[in-house]
Amino acid sequence: MNKFLLILVMALGLQACGITEVKPWERGYLARPEMAWDPDAQTAAQRSHVYFSKETSNGGATAGGGGCGCN
């Protein structure tokens with residue numbers, strides 16, 4: 001019973017963390033370039049191309065290719 005109660009309390013605590021509302025004056029901070037997933041667009045494009053070239057043979061990028069990077 002104690003384990004169930006502990007798990008329930010932990011689950012409710014984690015759920016409470018996800019309900020945070022972003023205020024309008026906080027959105028400016030989230031829109032800054034350093035908050036982006038990939039702040040450097042060129043490096044992100046190169047990494048995406050390498051990933052695409054390596055994983056395409058397995059169907060990882062949902063497009064056909066040789067997987068050897070020669071496309």
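A nonpolar patch is a set of Val, Leu, Ile, Met, Phe, Trp or Tyr residues with over 30% relative accessible area and no salt bridge, whose side chains are joined within 5 Å.

**Figure 1. Overview of the predicted protein chain.** The model contains three helices and zero strands, and the order of elements from the N terminus is α-α-α. Of the 71 residues, 3% are classed as buried. The chain exposes about 6,400 Å², to which carbon and sulfur atoms contribute 62%. The mean pLDDT of the chain is 76, with 73% of residues at 70 or more. Among the helices, mean confidence is highest in α1, at 85, and lowest in α3 (residues 41-55), at 82. Where pLDDT is low, the predicted coordinates should not be read in detail.

**Figure 2. Close-up of helix α1, residues 2-17.** From its first C-alpha to its last, this 16-residue helix reaches 23 Å, close to the 22 Å expected at 1.5 Å a residue. Helix α1 is hardly covered, and its count of buried residues is zero.

**Figure 3. Close-up of the nonpolar surface patch that includes Met1.** Met1, Phe4, Leu5, Leu8, Val9 and Leu12 together make a patch of about 680 Å². Met1 lies in the segment before α1. Its relative accessibility is 81%, and Met1 is therefore classed as exposed, the cut-off being over 50%. An α-helix has 3.6 residues a turn, so residues three or four places apart point the same way.

**Figure 4. Close-up of the salt bridge between Arg32 and Glu34.** A search of the whole structure finds one salt bridge. The side chains of Arg32 and Glu34 meet in this pairing, with an N to O distance of 2.7 Å. Arg32 has a relative accessible area of 39% and is partly exposed. Side chains of opposite charge can pair when their charged atoms come close.

Figure 5. The side chains of Asp40 and Thr43 make a polar contact at 2.4 Å. Asp40 has a relative accessibility of 42%; this value falls between the 20% and 50% limits, so Asp40 counts as partly exposed.

Technical notes: Residues are numbered from 1 along each chain as its sequence is written. This is a predicted model: local features need pLDDT of at least 70, side-chain atom pairs count only at pLDDT 80 or more; totals for chains, interfaces and linings use all residues. Side-chain values use heavy atoms; hydrogens and water are left out. Helices (H or I, at least four residues) and strands (E, at least two) are DSSP runs, numbered from the N terminus. The expected span of a helix is 1.5 Å times one less than its number of residues. Buried means under 20% relative accessible area, exposed over 50%, partly exposed in between (1.4 Å probe, protein chains only). A salt bridge is a side-chain nitrogen of Lys or Arg within 4 Å of a carboxyl oxygen of Asp or Glu. Patches are made of residues with over 30% relative accessible area and no salt bridge: like charges are joined within 9 Å, nonpolar side chains (Val, Leu, Ile, Met, Phe, Trp, Tyr) within 5 Å. Accessible areas come from the Shrake-Rupley method with a 1.4 Å probe; for residues, only the protein chains shown count as cover. pLDDT is the predictor's confidence in each residue, from 0 to 100. A polar contact is a pair of N or O atoms within 3.5 Å; within protein, one must be able to donate a hydrogen and the other to accept it, and residues adjacent in sequence count only if both atoms are side-chain atoms.
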